[in-house]
Amino acid sequence: MATTNILFVCIGNSCRSPMAEGFANKLGEGQVRAWSAGLYPLGWIEVNTRLVMEERGINLDGQASKGVRDVPLDQMDMVVTMGSEVLCDLPAGHEVRLVCWAIPDPFGGSLDRYRAVRDLIEAKVRKLLVELSRQ
């Protein structure tokens, strides 16, 4: 089975999309290769993002906050936007599946808010991986 390249996009690439990248790469077990990016990258991954992901055994130390232009967009099979406020221009002439998730942004919220968003993202990623395994 071929590897599916997935890009998760949010606003700052500091909370939601790094979580999704972490879950997809860990749970995808070679089925997917995930990246994340932000429309307006903050330049760092939020401390609370790192903390709640470590609670699930996923270390984000290898990830960095980056923009959409910093990833190989033309190699993506799928682009997942993390919220209705995320509008991503896709390369012309490149076949890519666009998936839109309604994930609330936890930025600036409590640790419990980060955990709730993390759990929602984990459930969405697990569902997506099951869907991809059936194709």
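Reader: Thanks! Which residues does isoleucine 6 touch, not counting residues up to four places away in sequence?

Author: With those neighbours left out, isoleucine 6 touches Val32, Arg33, Ala34, Trp35, Met76, Met78, Val80, Leu128 and Leu132. Contact here means heavy atoms within 4.5 Å. Before we go on, this is a predicted model, where local features need pLDDT of at least 70, side-chain atom pairs count only at pLDDT 80 or more, and totals for chains, interfaces and linings use all residues. Residues are numbered from 1 along each chain as its sequence is written, and side-chain values use heavy atoms, with hydrogens and water left out.

Reader: Got it. Where is isoleucine 6 found, and is it buried or exposed?

Author: Isoleucine 6 is found in strand 1, residues 4-10. It is buried, with a relative accessible area of 1%. Buried means under 20% relative accessible area, exposed over 50%, and partly exposed in between, using a 1.4 Å probe and protein chains only.

Reader: And how far apart are the C-alpha atoms of isoleucine 6 and methionine 76?

Author: They are separated by 5.7 Å, although the two residues are 70 apart along the chain.

Reader: OK, zooming out. How many helices and strands are there in the chain?

Author: The chain has 3 helices and 4 strands, and from the N terminus on they run β-α-β-α-β-β-α. The chain is as compact as a globular protein of 135 residues, because its radius of gyration is 14 Å, close to the 14 Å that the globule rule gives. That radius is taken over C-alpha atoms, and the rule is 2.2 Å times the number of residues to the power 0.38. As for the elements, they are DSSP runs numbered from the N terminus: helices are H or I with at least four residues, strands are E with at least two.

Reader: What percentage of the residues is buried?

Author: Buried residues make up 47% of the 135. On contacts, take those between residues at least 6 apart in sequence: 68% of them join residues at least 24 apart.

Reader: Switching to cysteines. How many disulfides does the structure hold?

Author: It holds 0 disulfides, a disulfide being a pair of cysteine sulfur atoms within 2.5 Å.

Reader: What about valine 117, which helix is its place in?

Author: Valine 117 sits in helix 3, which covers residues 111-133, and it is buried at 3% relative accessible area. Leaving aside its neighbours within four places in sequence, valine 117 is in contact with Arg16, Met19, Ile103, Pro104 and Pro106.

Reader: Last topic: which residue other than glycine has a positive phi near 40°?

Author: That's glutamate 29, which lies in the loop between helix 1 and strand 2 (32-38). Most residues other than glycine have a negative phi. Asparagine 13 also has a positive phi, about 50°, without being a glycine.

Reader: Where does asparagine 13 lie, and is it buried or exposed?

Author: Asparagine 13 lies in the loop between strand 1 and helix 1 (16-27), and counts as buried at 0% relative accessibility. Glutamate 29, on the other hand, is exposed, with a relative accessible area of 70%.
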